[in-house]
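This report describes a single protein chain through its secondary structure, packing and backbone geometry. Please consult the sequence and the model together while reading.

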Amino acid sequence: MEQTPKANRVHIGFFGRCNAGKSTLINMLTDQPVSLVSEVAGTTTDPVSKSMEILPLGPVVITDTAGIDDTTELGTLRMEKTEEVVKKINLAVYVLRADEEPTADDMHWLGLLKQNNVPIALFINEINAEIDKENNIENKTDASIYVETHKGLSELATVIGAADFTSKAKRLELLDLLGGLTPLDVEGDQTLLQGLVEEGDTIILVCPIDSAAPKGRLILPQVQTIREILDYKGLALVCQTEELPAMINSLKNPPKMVICDSQAFDRVDELTPDTIPLTSFSILMARFKGKLQDLVAGVEAIKNLKAGSKVLISEGCTHRRQCDDIGTVKIPNLLKKQGHTDLQLEFTSGGAFPKDVSQYDLIIHCGACMLTRREVLRRIECAVVQGTPIVNYGVLIAALHGILERAISPFIDEIKG
């Protein structure tokens, strides 16, 4: 993992009308030709993303969206894509031209961002600032004057700045304004192992290598957990399932905890003494990314599944399905072994997640290592508001093996609280 994963970065969306200057601003802020710039309206079609660092925010993902007044044949579809961006970002930059009045479309999208509690930086594009200076024309396009003229903008935007986006003169000033915002729904100082590991602790990580494991590397949650143990100045020991007893016996003192892949939960439970806490990478992710309380509460719905029950199994990433894929093969087989036959199973992956989930009797979600915390919280909230139980892979597998109480015991105070 050479760079901060996209899921752990602050996501910033850039919005505005066609030719407002979004792409020009992004190129100026990143100091790179990230977005295509043209006088032709509608140059940006699908959202375009770029990873970079903006201090003090740190690692970010910048997303350029299509103009919100796109009137082309595909405009409706592009607005749907833009609306999806609103639900995933932690910060928003809205661009208005100083020589144009805010429109109803502008106010609608600013209101939508506000409704989704996304902090908004309103940047005014002083489109003719340099020309005005050359011609000794008094510059009346200052952001404060613009906002004062158009009441209501200051109630929506958190930070307001102005600049000629073709000039880099104000680049640092605008970056400072952006960096001063508090992102929505980011992990912040929270970590995967917060409150679980102290300096000198030994943690055993059980990482099975099967046909579904990526060749030559570990999966992201395993890598992140190893890194955090090192950050806490702990000792990370890694093994496969059947090597676990030998590793435990080789230690002078018992490990502080055993963390395993959820797919190996039943076997690792057998091999780990009851005196040693046990949990999984997926449950750690559920705690880190979302609301473990809601995911544990959703377990009760498993008892009510019957023939014909509709279940959504949702993956946060996209990958080629293997013959023993956990979402499409292992979990359905495990449900069948537990007597839950003839279920109506539906599958989604990547950014796809239904707006209407009320039709499902249960949602089973992956650990979401490739999704932002904002997106995971949105999906959980979507399910809770519509009255649909939701669990994640680790919670479900532990419950079906009868070891959920043990698997969540390290977090029981948090869950009850």
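The sections below proceed from the chain as a whole to individual elements and residues.

## Basis and overall make-up

The model is predicted, and local features need pLDDT of at least 70, side-chain atom pairs count only at pLDDT 80 or more, while totals for chains, interfaces and linings use all residues. Residues are numbered from 1 along each chain as its sequence is written, and side-chain values use heavy atoms, with hydrogens and water left out.

The secondary structure of the protein chain comprises 17 helices and 14 strands. Helices (H or I, at least four residues) and strands (E, at least two) are DSSP runs numbered from the N terminus. Of the 417 residues of the protein chain, 52% count as buried; buried denotes under 20% relative accessible area, exposed over 50%, and partly exposed in between (1.4 Å probe, protein chains only). Among contacts in the protein chain with a separation of 6 or more, 75% involve residues 24 or more positions apart, where contact means heavy atoms within 4.5 Å.

## Helix α1 and its surroundings

Helix α1 (residues 22-30) is mostly covered, with 8 of its 9 residues buried. These buried residues are Lys22, Ser23, Leu25, Ile26, Asn27, Met28, Leu29 and Thr30. They pack against strands β1, β2 (48-54), β3 (58-64), β4 and β5, and against helix α7. Just after α1, Asp31 adopts a positive phi of about 60°.

The axes of α1 and α7 (residues 171-179) come within 9 Å and cross at roughly 95°. Axes are lines fitted to C-alpha atoms, for helices over the stretch in contact, and angles run from 0 to 180 degrees between N-to-C directions. On the α1 side, Leu25, Met28, Leu29 and Thr30 meet Arg171, Leu174, Leu175 and Leu178 of α7. The residues of this contact divide into 6 nonpolar, 1 polar and 1 charged. In this scheme Ala, Val, Leu, Ile, Met, Phe, Trp, Tyr, Cys and Pro count as nonpolar, Asp, Glu, Lys and Arg as charged, and the others, Gly among them, as polar.

In strand β4 (residues 91-97), 7 of the 7 residues are buried, so the strand is largely enclosed by the rest of the structure. Leu91, Val93, Val95 and Arg97 point one way from β4, whereas Ala92, Tyr94 and Leu96 point the other way, and all are buried.

Strand β1 (residues 10-16) pairs with β4 in the parallel sense over 5 bridges; two strands pair if DSSP finds at least two bridges between them. Phe14 stands opposite Val93 in β4. Strand β5 (residues 120-125) is joined to β4 by 6 bridges, and these two strands also run parallel. Within β5, Phe123 is the bridge partner of Val95. The chain passes from β4 through helix α3 (residues 104-115) to β5 in a right-handed β-α-β crossover, meaning that, with the strands pointing away from the viewer, the path from the first strand over the helix to the second runs clockwise.

## The four-stranded open sheet

An open sheet of 4 strands has the order β8-β7-β9-β10, with parallel pairing. β8 (235-239) and β10 (278-280) stand at the edges, each with a single partner strand, so one side of each is left without a neighbour in the sheet. Neighbouring strands of this sheet are turned by 25° against each other on average, direction ignored.

Strand β9 (residues 257-260) is joined to β10 by 3 bridges, and the two run parallel. Cys260 stands opposite Ser280 in β10. Helix α11 (residues 281-289) packs on the sheet, touching β7 (202-206), β9 and β10, and its direction makes about 70° with that of β10.

## Selected loop residues

Lys233 has a positive phi of about 60° although it is not a glycine. This residue is found in the loop between α8 (220-231) and β8, and Lys233 is exposed, with a relative accessible area of 57%. Ala368, another residue other than glycine, has a positive phi near 65°. Ala368 lies in the loop between β13 and α14 (373-385) and is buried, with a relative accessible area of 4%.

Asp356 occupies the loop between β12 (344-348) and β13 (362-365). Asp356 is partly exposed, with a relative accessible area of 40%. Its C-alpha atom and that of Gln386, 30 residues apart along the chain, are separated by 7.9 Å.
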